[in-house]
Amino acid sequence: MTDTGQRLLDLLAELDIQPEILSHPPVRTVEDAEAYWGDIRGQHTKNLFLKDAKGAMFLLTVPADRKVDLKKLPQLLDCKRLSFGSAERMMERLQTIPGSLGPLSMIADTDHQVRFAIDAALLQGDYITMHPMDNTQTFSISPDDLRKFLHALGVEPLVVTFTDAETV
C-alpha cells in the first residue's frame with residue numbers, strides 16, 4: 001500500500017466513514033467492473049481526468065451510464081475546450097493510475113491543483129461506489145460521507161446538474 005493509500009484509510013477512520021468494501025480482480029473500465037456490481041450497493045460511477053485549454057485540471061465523477069460529450073461539458077465546468085489529461089499528469093497530481101481514479105483520489109491533491117466536479121444525481125442517492133485509488137476494490141459510501149471527506153480535504157465540489165435528456 002502506498003503512503004497516500006494509508007493516509008486515505010487513516011482519514012476515513014478519523015472521520016468515522018466506514019465504507020462497504022468489495023474486493024475484486026483489477027478492473028480498468030466501467031465495462032470490466034460491471035461483472036462485480038451485483039455484490040455492492042450504490043450508484044456506480046465513472047471518473048474522467050480532464051484538462052482545459054489553459055491547463056486547469058478536473059476530476060469529473062458521473063453515473064456510469066452517462067455519456068460524456070467534451071464539446072458540451074466546458075460550459076458546465078466554466079472553462080474552455082476540454083481534453084483528457086494524460087496518465088502521467090494524473091499520477092503526478094492524484095497519485096492514481098487509469099482505472100483506479102475516483103473522488104477519493106482527491107486526497108493526493110494537497111496543493112489543490114485539481115478541481116473536483118460531480119453530477120448532482122449522484123448526491124441524491126443513498127450510496128455512491130468508487131475506487132479507493134486501487135482498482136482491485138470498490139468502496140460504497142453515502143453522499144454525506146463523501147461531502148464530509150471532501151470538506152476535510154478543503155475541497156469544495158462543483159456540483160453539476162444535467163437534465164435527464166442531456167448527454168454530457
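# Worked exercises on a predicted model

Helix α1 is followed by Asp-16, whose phi is positive, near 60°. Helices (H or I, at least four residues) and strands (E, at least two) are DSSP runs, numbered from the N terminus. This is a predicted model, in which local features need pLDDT of at least 70 and side-chain atom pairs count only at pLDDT 80 or more, while totals for chains, interfaces and linings use all residues. Residues are numbered from 1 along each chain as its sequence is written, and side-chain values use heavy atoms, with hydrogens and water left out.

## Exercise 1: helix α1

Work out the span of α1, then find its buried side.

Step 1. The expected span is 1.5 Å times one less than the number of residues. Helix α1 has 12 residues, 3–14, so it should span 16 Å. The C-alpha atoms at its ends are 16 Å apart, which agrees.

Step 2. Sort by relative accessible area: buried is under 20%, exposed over 50%, partly exposed in between (1.4 Å probe, protein chains only). Thr-4, Gly-5, Leu-8, Leu-11 and Leu-12 are the buried residues of α1. They cover an arc of only 125° around the axis, so they sit on the same side of α1. The arc is taken from the directions from the helix axis to the C-beta atoms.

Step 3. An α-helix has 3.6 residues a turn, so residues three or four places apart point the same way.

Step 4. Asp-3, Ala-13 and Glu-14 are exposed on the other side of α1. The cover over the buried residues includes β7 (137–141) and α5 (143–153).

## Exercise 2: helix α5

Identify the buried residues of α5 and what they pack against.

Step 1. The buried residues are Pro-143, Asp-145, Leu-146, Phe-149, Leu-150 and Leu-153. Their arc around the axis is only 160°, which puts them on the same side of α5.

Step 2. Their packing partners are α1, β5, β6 (128–130) and β7. The face turned away carries the exposed residues Asp-144 and His-151.

Step 3. Gly-154 follows α5, with a positive phi near 80°.

## Exercise 3: positive phi

Step 1. Most residues other than glycine have a negative phi. Asp-16 has a positive phi of about 60° although it is not a glycine. His-112, not a glycine either, has a positive phi of about 50°.

Step 2. Asp-16 is exposed, with a relative accessible area of 52%. His-112 is partly exposed, at 44%.

How values were computed:
Contact means heavy atoms within 4.5 Å.
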